[in-house]
Amino acid sequence: MIVTPMWLLSSSVLLLFLTVLLTPLIKGSQRFLINTSFTLTSVASLLGVIGGVWAVGGGTTEKIILEIGLPALPFHMRIDPLAGYFITVISLLSLFVSLYSIGYIKGYLGRRPVTSLVICYCLFIAGMLMVVLADDALFFLVSWEVMAAASYFLVMFEDEHIENRRAAFLYIVVAHVGAIAILLSFGVMAGLAGDFENFSGYTFDAMRQAQLPVQWATAAFLLAFFGFAAKAGVVPLHVWLPEAHPVAPSNVSALMSGVMLKTAIYGIVRVTFDLIGDFPWWWGAIVLILGLVSAVMGVLYALMQHDLKRLLAYHSVENIGIILIGIGLSMIFTSYHMPLLAALGLIAGLYHTLNHAMFKGLLFMGAGAVLHATHERNMEEMGGLIHRMPWTAALFLIGCVSISALPPFNGFVSEWLTFQAFLLSPALPNQLLKLLVPLGAALLALTGALAAACFVKAFGVTFLGHWRGHHTPRVREADFPMRLGMVLAAATCFLLGVLPTVVIDWMDIISEQLTGSKLRVSTGAYSWMWLTPIAPERASYSGTIVFLGILFVVVAAYLVLHVKPGAIHRAPIWDCGFEKINQRMQYNATSFSMPIRRIFGFLFNIKEQVKLIPRAAHPFFPKKINYYLRVRDRFWGWLYKPVVEVSFYLSRRVGRLQQGRIQAYLIYSFITIIVLLVFSR
Amino acid sequence: MNINIASQINSFLAALVLLTAFGMLVQRRMYGLVHLFAWQGLFLSLNTAIVGFVADRHHLYISSVLTLTLKVILLPYILHVLIQRLKVHKEVETVVNIPMTMLIGIALVIFSYHLMAPVRELSTLVTRSTLAVALATVMIGLLMMITRKHAVTQIIGFLAMENGLFFAATSATYGMPLVVELGVALDILIAAFIFGIFFFHIHTTFDSLDVEKMARLKEED
């Protein structure tokens with residue numbers, strides 16, 4: 001037996017299915033079930049990581065055909081560097097999250113059985129791996145549905161709450177509308193690749209070879225982009241995301257947000273760069289514009305949230321936007337045959353995909369640890385957790401710094417690369433793009449700044465200050481497996497930020513295969529240290545040196561403050577002369593985001609009320625002040641509500657046909673027969 | 001036998017089949033309905049045998065015997081037993097009144113003849129004139145299912161429809177291949193058993209075999 005990447009990945013998927021089969025046998029002891037199954041998924045994920053890294057590093061393409069599925073329509077599997085890269089992303093986060101789950105899921109012990117969660121969790125990861133491995137439309141869609149169905153049940157896990165059921169329903173509706181669009185897109189491509197009579201065109205190989213007429217290629221692209229955008233949560237198809245992610249168990253939210261959305265990115269890259277291959281510039285412009293809108297809207301909506309997991313979910317919208325910006329730029333450059341710049345955009349987008357998986361996974365795991373300890377999602381009730389949960393706080397802070405794109409962590413590297421791609425866009429031959437694309441850079445900068453503000457709020461309100469809630473729960477630090485998962489994710493964030501050249505050299509083969517040029521970020525002496533995307537005289541960045549600089553400043557500050565005794569002394573808080581200060585008077589999430597709510601208020605549907613309840617004796621000194629604030633997504637009212645209302649109206653109309661009487665149904669058939677006979681005579 | 005005479009007999013039997021169909025449409029008693037159904041089966045069986053003899057298709061004898069055992073003996077027997085067990089031999093209520101039903105039935109027969117006119121021009125078979133009768137029998141069976149409220153009558157309507165189809169098969173193409181006919185016969189038998197079981201369940205659930213009561217199963221808004 002020869003061990004190849006494909007062998008490793010197949011065994012990884014098989015191991016996940018075996019775990020599913022094993023689960024019912026050992027469900028008697030739930031504690032044992034959690035330990036065993038999540039250890040097995042960790043092992044499977046580890047195999048996936050090895051296989052994925054190897055597939056990209058080796059740069060080989062390997063195919064197998066599975067004689068299962070429908071007769072004469074076998075499943076094709078293929079691993080190439082692009083697939084290997086996404087396998088690495090998926091498996092790496094699955095590994096960390098599986099370790100984390102060993103601790104996290106134990107929180108359900110005694111409350112509800114977790115057998116179904118374990119089964120769906122395994123199927124979910126297996127589904128994501130199969131989506132990436134699939135090499136024909138049939139297998140792709142089957143895997144896509146496995147992934148969607150498994151995640152639907154995971155969102156539904158705590159199904160006694162009505163909000164969970166609603167969120168899961170919304171999710172499955174959007175997922176299926178998207179899946180239909182993807183199906184139609186593959187139908188167009190397969191039909192033109194083979195012919196419409198048989199299924200010969202259903203393999204991706206046939207689609208690659210086919211030369212589609214430009215209008216059909218456009219139709220296929222638009223359908224596929226719509227379908228994948230619905231899965232990725234691109235504005236305005238993002239509404240399911242902030243509903244579904246918060247209600248799912250936190251390990252599942254980490255996977256959904258961290259890697260499930262990335263399968264949609266994979267789909268976009270696969271369909272445009274690989275299957276269609278040749279496209280006009282405005283496809284890239286569409287991707288770019290939607291990416292920018294998602295980035296800005298996502299972060300603005302995130303700022304308005306005070307539910308920690310909901311806030312993180314909106315940040316996923318933002319980060320998907322940033323990834324799409326890179327990919328959109330790459331598509332524009334590709335259509336003008338500028339392979340080096342196209343490679344830069346593509347690498348920026350893909351690198352951000354990996355980075356986002358890591359830091360968003362870390363943040364969701366951190367939010368899960370907080371939820372696990374306090375049973376609270378509302379930030380307004382939290383505070384001061386840094387004293388009780390120092391590990392979680394420190395790791396969450398690393399996630400915050402990474403997602404805010406601050407050096408030396410990984411978020412900075414990929415956003416910096418995206419900026420480089422933006423700043424090189426004046427080389428484009430199109431006058432319109434030359435003028436407009438740099439404006440996108442300004443929007444991206446705005447996004448970065450707002451994201452940083454948002455995470456100052458998230459970290460500050462959750463972990464700093466004092467506990468804001470009315471009743472104080474007994475908070476305990478996360479246990480060892482949870483900390484292990486988070487530490488590994490944080491360490492990966494750090495390494496990806498400090499050693500970007502190593503990673504980009506590893507994944508450069510993808511850009512060579514898809515855009516025709518390597519990026520070659522490392523040239524000259526000390527090449528591993530300096531990230532130089534185009535030329536050293538233009539721009540270069542060294543994560544290592546920035547890290548050392550920051551480390552030097554921190555150490556120096558520590559020494560200055562702590563060597564001399566008495567440099568730091570503690571004193572009571574200045575209470576502005578108001579004596580009865582209490583912990584409810586702290587700065588909180590709503591007050592933090594108030595200035596931004598004032599400036600960007602027109603983008604939201606805001607309802608704000610202040611009600612004074614006066615005291616009879618002293619009208620100027622009210623007994624109570626009630627403050628009411630509701631911020632809603634405008635897209636719901638603009639786009640979804642009309643659709644929902646029209647479909648309910650039509651269903652009610654059509655529902656009148658359903659009399660419930662057998663005779664009525666028989667009359668329908670009778671009239672149909674008579675009419676058909678009359679017309680076919 | 002002379003072709004002409006065979007054609008005459010065939011038309012006569014077709015008329016009888018149609019007559020029994022109309023008879024079922026107006027018959028109010030359960031036992032009467034079952035008897036009419038048995039008569040219809042008998043005419044059908046005779047017709048099949050004669051067509052088999054004239055056209056020299058020997059497998060039609062087998063289907064004739066099958067029809068005789070199933071539709072003249074076995075199914076009426078099962079229905080009889082059901083009616084006795086469930087005590088439902090009282091008069092059948094109709095949705096539309098009887099004369100109106102008759103008028104609709106006549107309109108359906110005229111419609112069938114109108115529909116089958118071009119086929120009669122083209123066909124060269126002995127039995128071509130009876131195709132319209134077969135179609136009319138199917139439609140009258142369906143009409144019976146629509147106008148009656150009782151589950152047992154609906155089943156008889158369904159079986160009458162099947163008779164019509166069988167009649168159409170023999171008169172249009174001298175019968176289907178034997179395998180198909182055997183399959184259909186088996187299906188009918190199994191359907192009868194399933195109906196029997198369902199009748200009992202409907203009876204115990206709704207305390208009645210009136211299908212109107214099943215409207216309660218409808219989901220409310």
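Start by colouring chain A by domain: the assignment, which is automatic or taken from a database, gives domain 1 (280-565 + 589-597), domain 2 (598-636) and domain 3 (637-680). Before you go on, know that this is a predicted model, where local features need pLDDT of at least 70, side-chain atom pairs count only at pLDDT 80 or more, and totals for chains, interfaces and linings use all residues. Residues are numbered from 1 along each chain as its sequence is written, chains are lettered from A and ligands numbered from 1 in the order in which they are written, and side-chain values use heavy atoms, with hydrogens and water left out.

**Stop 1: domains 2 and 3 of chain A**

Select both domains. Their C-alpha centres lie 46 Å apart. Four residues from domain 2 of chain A and six residues from domain 3 of chain A make the contact (heavy atoms within 4.5 Å). Between them the two domains bury about 490 Å², 66% of it on carbon and sulfur atoms; buried area here is the accessible area (1.4 Å probe) that two parts lose on being put together, summed over both.

What about polar pairs? Across this interface there are eight residue pairs in polar contact (both at pLDDT 80 or more), meaning N or O atoms within 3.5 Å, where within protein one must be able to donate a hydrogen and the other to accept it, and residues adjacent in sequence count only if both atoms are side-chain atoms.

**Stop 2: A:T544**

Jump to A:T544 in helix 20 (residues 543-563) of chain A; helices are DSSP runs of H or I, at least four residues, numbered from the N terminus. A:T544 counts as buried because its relative accessibility is 12%, and the cut-off is under 20% (1.4 Å probe, protein chains only). Leaving aside neighbours within four places in sequence, show what A:T544 touches: A:V498, A:W528 and A:M529.

**Stop 3: chain B against chain A**

Finally, bring up chain B, where 19 residues are in contact with 14 residues of chain A. Chain B and chain A bury about 1,500 Å² between them, 73% of it on carbon and sulfur atoms. The salt bridge count between these chains is zero.

Terms used
Helix = DSSP H or I, 4+ residues; strand = E, 2+ residues; numbered from the N terminus. Buried < 20%, exposed > 50% of the residue type's maximum accessible area, 1.4 Å probe, protein only. Salt bridge = Lys/Arg side-chain N within 4 Å of Asp/Glu carboxyl O.
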